[in-house]
Amino acid sequence: MSSPESGVPENHDYDFVGLEPKWQARWEAEKAFRTPDDPAELKAKPKYYILDMFPYPSGAGLHVGHPEGYTATDILARLKRMQGFNVLHPMGWDAFGLPAERAAERENLHPSLITKRNVDNFRRQIRRLGFSYDWEREVDTSDPAYYRWTQWIFLKLHERGLAYLAEVPVNWCPALGTVLANEEVKDGVYVETGDPVERRTMTQWMLRITAYAERLLADLDGLDWPEGIKEMQRHWIGKSDGAEVRFEVEGVPEGFTVFTTRPDTLFGCTYCVLAPEHPLVPRLTAPSAKAAVEAYVREARGKSDLARTELSKEKTGVFSGAMATNPATGEKVPVWIADYVLTGYGTGAIMAVPAHDARDWEFAKRYGLPIRSVVEPATGKAPEGKAFEEEGVAVHSGLLDGLPTAKAKETMGAWLEEKGLGKRRVQYRLRDWLFSRQRYWGEPFPIVHLADKTMAALPVDSLPITLPMIDEYKPTADGRPPLARAPEAWSVRTLPDGRRGTMETNTMPQWAGSCWYYLRYIDPKNARAPWASEAEQYWMPVDLYVGGVEHAVLHLLYARFWHKVLFDCGLVHTREPFQKLFNQGMILAHSYRDARGKYLHPHECEERGGAWVASKTGEAVERQIEKMSKSRYNVVNPDDVIAQYGADSMRLYEMFMGPLEQVKPWQMDGVEGVFRFLARVWRLVVDQKTGMLHGKITPAPASSEPELRKTLHKTVKKVGEDTVELRFNTAISQMMVFVNEATSAKTLPREILESFLRALSPYAPHLAEELWERLGHATLLCKEAWPAFDPALCAEDRATIVVQVNGKVRGRFEALKTLGQEELLRMAKADAAVLPWIQGKKIVKEIVVPGKLVNLVVAG
RNA sequence: GCCAACGUGGUGGAAUUGGUAGACACGCCAGCCUUAGGAGCUGGUGCCGCAAGGUGUGGGGGUUCGAGUCCCCCCGUUGGCACCA
């Protein structure tokens, strides 16, 4: 190791411990990465806005997964600056959230103090990596100066009728004492903690994201995002074309309406189903069925989402005793109540067509309901024993007979509209966004409730509505949110017109602050507006947004929604916030488990004779690659890596591991490898014995080492190209090729070395700055221009020509790339290694690709 | 079940438009240097074979002079969705 503690005092090894803090201090002192604010200065250069998904500052601190994306964006930001762009590259904190509130309870400290402590730790860890953030633009969503504007944007939503209170069935999580958005719940548990969630009806704030469903869907097309993410959002929005159909019910004048995507199968509807929560259920139920229906409804309501999901294999239901009229056939069909019909989708009622819907088929079979086929495949026969769900041709369907499915849908839609029995309709899977939480550590709503049961928005000039000090962060004994504990001085407000009311006690969800932080970075200190329009015009949209795939729907959909509302308010000039999105892959690590399933620390295990064992006991352990987590003892802390190898090695390894988008395992041996590379770069410049410049560095022109010069130009080209394409791993391997060659070269022209250091600097900025200084430069390397390359020097004029016989490589020779076909063919046939394979055989075909290969096809 | 992505040496991974499979690195082997080294340097390293040669990108088939790359089927891994009518 070459750290000063372990080395002899005289040596002049690569001392990252000394030089990294030195350069970080220098960058800070010179404000090297400050992004200009002055509009005139900005206009002189093109802009590049490169954004990281800001972290939630947890108590656990950073792990090596966080800096993966941050390193990638930092390298690109540094490159773009050197290429003459104004770069906006900020960092901040998604600082509201439940964990701080829980820690506050545990430690008896205010959540703001917990948050500050965590933020300080995150900032310290991030700074150690030498990232080129403009720290003067740091934002913190829990800072009143920030959430003032979150509340301000909420008022905009409220003004436009996009925020409303509703009595809705919600996902209540007893363990957390709060509700969760639909998106936060999966299989009946909270996705983050696994705590069970149950259904409750409560009055909640909702945001009308469904009003934007069509635009959120349509505008995806123009975005440079991974196709998979766009597909997930499309699916989440879930647009489907269909029709509403009204069914008459005896004794219930208004009847009920169903939604179907297959109006063409109406003739095959043999029963209907209402969700247990459907409002018509009590009135429609026949006296004879009352007891059974009530029991069923009660049971369904009591089931948690988890139970409903688990029981989904066996469909259950109960006959309501009521009969509805199939509007197409005029037949009476039974109305059933079953929880396989969802209350929140469509109208909460369906027409069941068991012949053409697998779910209805299953239910009909179980309860002995009739099945009537009304669609047949265009060719062949419908499968036996299951529903035929594909498109085909309508049969036994009156006016639809003989029509292909698409045509039949259209015809039925028009017929329903003409007869006043229904209408064509588009349905979205997307639901309105449940926007309130029963927590303390979030933005208070700027809303008061008045004595007359109405409510009013607080005036804009009263913002921010700051959080009150309270003694406990739990809900009250009667189940009201923590803010109900606030003193009257906070909770009772007087409106400008003199009316008095009490503050709303819910708070906003964590997503609120992250919906617009990218806009605040543009103008973070503005006290009069969330951002200046001029700055927004210049910087937006975000050119590149890098973050984890876990935000594919939630954050990215919510932020797009807010952005579109802001667009409609005339506050932003782009329809979409994030033009290009890139997801970095998760970093995994080896974990070790003994026969009893207990996890062991990696340092407690070792390899013996090809098998992994516990060092102490010699007992066999299983070694696997898994997601990093504390409980698996496989978390790698960047602080430890930096202490051992330095920030530059850490940065380089994060990028050298493999393609940024890929999931990949962390391997300490790999860090050692890139560290060795950096040490080689060091020794290229510094004589280890004397600490002076290496003797082989010469003032001679680059042309004095033509081969090395050629490699340099290729390297500069490749590093530049690969970096903007986010292919950092191949850029690094090319730099390794250069260093290997430069190490074995007799002399090293200064001109070549300096170009290389510029190219290296975005990747290993501390080392590059140090060597730049040792070469006699007083100015910062990060302020230098990106090196130019000569395309003529990157092109090889000679190439190895491969000679194949029947597609197999039999020989190879060197030749000019420009050599003609005949000449190549002549040389190939004369090649000694090739001759034995073609002698005495007839050449039936000759393929010549100049600069590449010759393929001779022989017969016999 | 549906949708998407991905399967290349002992390991992480390279490979324009189909044209030398395995760049670069880890590990391993041999040697050199050193009082010493988880240091440095040189060479080797897909597999089988003494060699000539054969074989090889999850499996099977196809297109082509030529396939890691294109097409079809299957298997596996990961992620997302999952009664959305």
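Gln-125 is buried, with a relative accessible area of 3%; here buried means under 20% relative accessible area, exposed means over 50%, and partly exposed covers what is in between, using a 1.4 Å probe and protein chains only. This is a predicted model, in which local features need pLDDT of at least 70 and side-chain atom pairs count only at pLDDT 80 or more, while totals for chains, interfaces and linings use all residues. Residues are numbered from 1 along each chain as its sequence is written, chains are lettered from A and ligands numbered from 1 in the order in which they are written, and side-chain values use heavy atoms, with hydrogens and water left out.

Gln-125 sits in helix 5 (residues 111-127); helices (H or I, at least four residues) and strands (E, at least two) are DSSP runs, numbered from the N terminus. Setting aside neighbours within four places in sequence, Gln-125 is in contact with Gly-61, Leu-62, Asn-637 and Asp-639, where contact means heavy atoms within 4.5 Å. Leu-62 also takes part through its backbone nitrogen, which lies 2.7 Å from a polar atom of the Gln-125 side chain. A polar contact is a pair of N or O atoms within 3.5 Å; within protein, one must be able to donate a hydrogen and the other to accept it, and residues adjacent in sequence count only if both atoms are side-chain atoms.

Next comes the RNA. There are 52 residues around RNA strand B, and His-235, Thr-261, Lys-315, Tyr-345 and Arg-359 come nearest; a residue is near a molecule or strand if one of its heavy atoms lies within 4 Å of it.

Some individual pairs can be picked out. An N or O atom in the side chain of Arg-810 is 3.1 Å from a phosphate oxygen of RNA strand B, and a polar side-chain atom of Lys-845 lies 3.3 Å from a phosphate oxygen. For Thr-260, the partner of its side-chain N or O atom is a sugar or linking oxygen of RNA strand B, at 3.1 Å.

Helix 12 (residues 358-367) has Asp-360, Trp-361, Phe-363 and Ala-364 among its residues, and these four are buried. An α-helix has 3.6 residues a turn, so residues three or four places apart point the same way. The cover over the buried residues of helix 12 includes strand 12 (271-274), strand 13 (317-325), strand 14 (332-338) and strand 15 (349-352). Just past the end of helix 12, Gly-368 takes a positive phi of about 65°.

Two residues other than glycine also have a positive phi. His-396, with phi near 45°, falls in the loop between strand 17 (393-394) and helix 13 (405-419), and is exposed at 57% relative accessible area. Tyr-633, with phi near 55°, is in the loop between strand 30 (621-627) and helix 19 (638-645), and is partly exposed at 37%.

The backbone has cis peptide bonds too. One joins Leu-463 and Pro-464, with omega about 0°, and Pro-464 belongs to the loop between strand 21 (455-457) and helix 14 (488-491). Another joins Met-540 and Pro-541, again with omega about 0°, in the case of Pro-541 within the loop between helix 17 (533-539) and strand 24 (544-548). Val-542 lies in that loop between helix 17 and strand 24 as well, and at 0% relative accessibility it counts as buried. Leaving out neighbours within four places in sequence, the contacts of Val-542 are Tyr-49, Leu-51, Tyr-518, Pro-577, Phe-578, Gln-579 and Lys-580.
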